[in-house]
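Keep the structure in view while reading.

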Amino acid sequence: MSFRKVVRQSKFRHVFGQPVKNDQCYEDIRVSRVTWDSTFCAVNPKFLAVIVEASGGGAFLVLPLSKTGRIDKAYPTVCGHTGPVLDIDWCPHNDEVIASGSEDCTVMVWQIPENGLTSPLTEPVVVLEGHTKRVGIIAWHPTARNVLLSAGCDNVVLIWNVGTAEELYRLDGLHPDLIYNVSWNCNGSLFCSACKDKSVRIIDPRRGTLVAEREKAHEGARPMRAIFLADGKVFTTGFSRMSERQLALWDPENLEEPMALQELDSSNGALLPFYDPDTSVVYVCGKGDSSIRYFEITEEPPYIHFLNTFTSKEPQRGMGSMPKRGLEVSKCEIARFYKLHERKCEPIVMTVPRKSDLFQDDLYPDTAGPEAALEAEEWVSGRDADPILISLREAYVPSKQRDLKISRRNVLSDSRPAVAPGSSRLGAPASATTATDATPSGSLARAREAGKLEEVMQELQALRALVKEQGERICRLEEQLGRMENGDA
């Protein structure tokens with residue numbers, strides 16, 4: 001009687017990683033040596049940002065993605081912090097806005113010029129001061145515009161409205177020890193955190209309450225990480241009591257036992273998880289490792305399925321992950337990582353091998369786009385919204401970025417009449433806008449914009465028609481070629 005092993009079906013079983021050629025790497029970058037378990041790298045479809053060594057303060061490089069090769073030592077940096085930069089994060093709703101947290105206890109938000117830096121950037125758009133110790137964690141809200149979370153070594157989590165430079169919420173009694181990481185859920189109604197006291201917590205930031213808590217999620221004393229998955233489950237990485245690295249999957253409804261627990265190896269580098277909600281694949285890379293392991297998360301046991309390992313020769317100091325809208329869909333690229341070495345940054349492309357050149361619907365479901373689903377005030381008032389999705393079929397062209405504008409509240413003239421119930425919280429600016437819109441210049445500007453939009457739409461239609469026509473022509477030629485090869489013509 002023969003037993004045949006049944007192999008689990010998955011379209012990601014054959015995903016393979018490949019480093020790019022040397023001339024497409026970013027060479028001669030002095031990556032920061034700060035002993036902090038941050039990724040040191042953030043990337044979006046326009047720019048790559050890397051925290052670098054800087055004398056007399058903190059700095060990070062911002063490079064246009066196309067600026068590969070050797071980076072000049074004199075290349076301008078973003079250098080407004082007075083202490084080393086510990087974490088950076090690009091705004092998901094504006095590819096030219098980045099936030100940074102530093103040992104100088106401040107959070108700064110920067111507007112990067114459209115074509116990159118030509119001189120050192122020392123003036124942030126806004127400085128957020130509220131922490132009493134160094135700020136090691138920065139995370140933008142996934143769906144609300146201008147909402148930013150920061151966490152510091154003072155064990156305090158602060159939520160900011162960057163648009164008004166004000167502190168929205170201060171959560172200072174929930175973490176008794178150092179916070180290792182923070183992760184928003186997909187609509188930004190909750191976040192989860194991993195703490196040095198070995199607890200994983202799920203927190204409602206607007207109420208300032210603890211929704212769920214699991215003590216000793218991992219028994220080991222080394223750093224943990226916790227991230228939210230798209231379905232609301234929590235994925236954690238940590239260490240066992242015997243210092244073996246572990247992965248675990250938790251159901252927030254019942255945190256007594258993990259849904260799945262896997263032991264990996266006995267290396268001592270903290271495991272950094274990167275999650276792709278569209279494909280349910282988690283990529284795990286360790287600080288100081290030379291490999292990236294990837295796992296598929298499914299609905300049925302054993303829930304965490306090992307897919308493969310990408311291995312290279314050199315260990316990684318940090319890692320950045322490209323958002324889905326920045327990938328090359330024509331090459332079936334499902335993820336791209338930016339691996340930091342001692343002196344360079346090397347992109348690593350994850351690809352699903354496919355023979356067809358057509359758009360692969362199953363690999364690219366609609367993904368989160370750059371439009372914010374909510375304004376900060378709507379989120380504060382209790383509203384939640386899922387990300388606004390975009391299709392990658394048209395090889396997605398980004399919209400014009402809105403500049404980040406800070407409107408500071410004038411404390412002196414705060415004796416305004418009370419706002420009537422049901423009217424907007426920001427009543428004054430709204431009425432001002434209405435007045436402006438009523439002027440002839442406002443209508444002229446709108447007419448001009450409408451004309452431009454019409455022009456763009458016509459051009460887009462013409463291009464689509466041309467593409468369709470060429471596609472039909474290619475099909476006819478392929479048929480003709482096939483007939484000739486078969487000897488029919």
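**Aromatic pairs and salt bridges**

Q: Is Trp379 buried or exposed, and what is its relative accessible area?
A: This is a predicted model. Buried means under 20% relative accessible area. Trp379 falls under that cut-off, so it counts as buried, with a relative accessible area of 0%.

Q: Which residue forms an edge-to-face aromatic pair with Trp379?
A: The planes of the two rings stand at 85 degrees, and the centres are 5.9 Å apart. Planes over 60 degrees apart count as edge-to-face. The partner is Tyr169.

Q: How many residues apart in sequence are the parts that Tyr169 and Trp379 tie together?
A: Tyr169 lies in strand 15, residues 166-171. Trp379 lies in helix 1, residues 376-380. The pair therefore ties together parts whose separation in sequence is 210 residues.

Q: Is Phe306 buried or partly exposed, and what is its relative accessible area?
A: Phe306 forms an edge-to-face pair with Phe295, 5.6 Å centre to centre. Phe295 is buried, with a relative accessible area of 0%. Buried means under 20% and exposed over 50%. Phe306 lies in between, so it is partly exposed, at 46%.

Q: What is the N to O distance in the salt bridge of Arg241 and Glu219?
A: Arg241 is in the loop between strand 21 and strand 22, and Glu219 is in the loop between strand 19 and strand 20. Arg241 is exposed, at 64% relative accessible area. Glu219 counts as partly exposed, at 31%. Their side chains meet at 3.0 Å.

Q: Which residue meets Arg393 in a salt bridge?
A: Side chains of opposite charge can pair when their charged atoms come close. Arg393 counts as partly exposed, at 45% relative accessibility. Its salt bridge has an N to O distance of 2.6 Å. The partner is Asp361.

Q: Over the ring of which residue does the charged end of Arg222 sit?
A: A charge sits over a ring only if it is within 6 Å of the ring centre. The charged end of Arg222 is 5.9 Å from the centre of the ring. That ring belongs to Phe239.

Q: How many salt bridges does a search of the whole structure find?
A: One of the pairs is Lys331 with Glu328, at 3.4 Å. Asp28, Arg70, Lys73 and Arg343 are linked in a network. The search finds 26.

Conventions: Residues are numbered from 1 along each chain as its sequence is written. This is a predicted model: local features need pLDDT of at least 70, side-chain atom pairs count only at pLDDT 80 or more; totals for chains, interfaces and linings use all residues. Side-chain values use heavy atoms; hydrogens and water are left out. Rings of Phe, Tyr and Trp (its six-membered ring) pair if their centres lie within 6.5 Å; planes under 30 degrees apart count as stacked, over 60 as edge-to-face and the rest as tilted. Helices (H or I, at least four residues) and strands (E, at least two) are DSSP runs, numbered from the N terminus. Buried means under 20% relative accessible area, exposed over 50%, partly exposed in between (1.4 Å probe, protein chains only). A charge sits over a ring if NZ of Lys or CZ of Arg is within 6 Å of the ring centre and within 35 degrees of the ring normal. A salt bridge is a side-chain nitrogen of Lys or Arg within 4 Å of a carboxyl oxygen of Asp or Glu.
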